[in-house]
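Thanks for opening this one with me. Please have a look at the structure below, and then read my notes alongside it.

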Amino acid sequence: MEQKEQESRHERFKRIASKRTNDILEKIRILGNCSNKSSYEYTEEEINKIFSEIDKQLKLTKAKFLGGKRERFRL
């Protein structure tokens, strides 16, 4: 435990973010198994709904990281 107490915030970020990213990537690979048409039946609408929600959550999460770095819209 003593090592984690001395871990910098950046080191902690890298450790936790790497693990969580790998967990997400593995879940996406597992989701891909559902594409096997010999085992599953699905509609294009269902697939679009799944990936629309994934895209939405990715954009929201990325925006949290970018914070004030986003450019403002101007005419």
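The numbered points below go from the overall fold to the pocket and the salt bridges.

1. A word on the basis. This is a predicted model, in which local features need pLDDT of at least 70, side-chain atom pairs count only at pLDDT 80 or more, and totals for chains, interfaces and linings use all residues. Residues are numbered from 1 along each chain as its sequence is written, and side-chain values use heavy atoms, with hydrogens and water left out.

2. The fold. You will find 3 helices and 0 strands, in the order α-α-α along the sequence. Helices (H or I, at least four residues) and strands (E, at least two) are DSSP runs, numbered from the N terminus.

3. Helix H3. This helix covers residues 44-66, and its 23 residues should span 33 Å at 1.5 Å a residue; the end C-alpha atoms are 32 Å apart, which agrees. The expected span is 1.5 Å times one less than the number of residues. After H3 comes Gly67, with a positive phi near 45°.

4. The surface. Of the 75 residues, 1% count as buried (buried is under 20% relative accessible area, exposed over 50%, partly exposed in between, with a 1.4 Å probe and protein chains only). The protein exposes about 7,900 Å², and carbon and sulfur atoms supply 54% of that area.

5. The largest pocket. Its space is about 420 Å³. On a 1 Å grid over the protein atoms alone, a pocket is an open set of points where a 1.4 Å probe fits, with protein on both sides within 12 Å along at least five of seven lines; lining residues have an atom within 4 Å of a point. H2 (9-32) and H3 each supply at least two lining residues, and the largest share, 7 residues, comes from H2. The lining includes Phe13, Ile24, Leu58 and Phe65, and divides into 8 nonpolar, 3 polar and 1 charged.

6. Salt bridges. The whole structure has 4, each a side-chain nitrogen of Lys or Arg within 4 Å of a carboxyl oxygen of Asp or Glu. One of them joins Lys19 and Asp23, with the closest N and O atoms 3.0 Å apart. These two residues are 4 apart in H2, so about one helical turn separates them. Lys19 is exposed at 53%, while Asp23 is partly exposed at 37%.

7. Which residue forms a salt bridge with Lys56? The partner is Glu53, with the closest N and O atoms 3.8 Å apart. Lys56 is partly exposed at 46%, and Glu53 is partly exposed at 38%.

Terms used: Areas by Shrake-Rupley, 256 points an atom, 1.4 Å probe, with all protein chains shown as cover. Points joined across faces, edges and corners; volume = space filled by probe spheres on them. Nonpolar A, V, L, I, M, F, W, Y, C, P; charged D, E, K, R; others polar.
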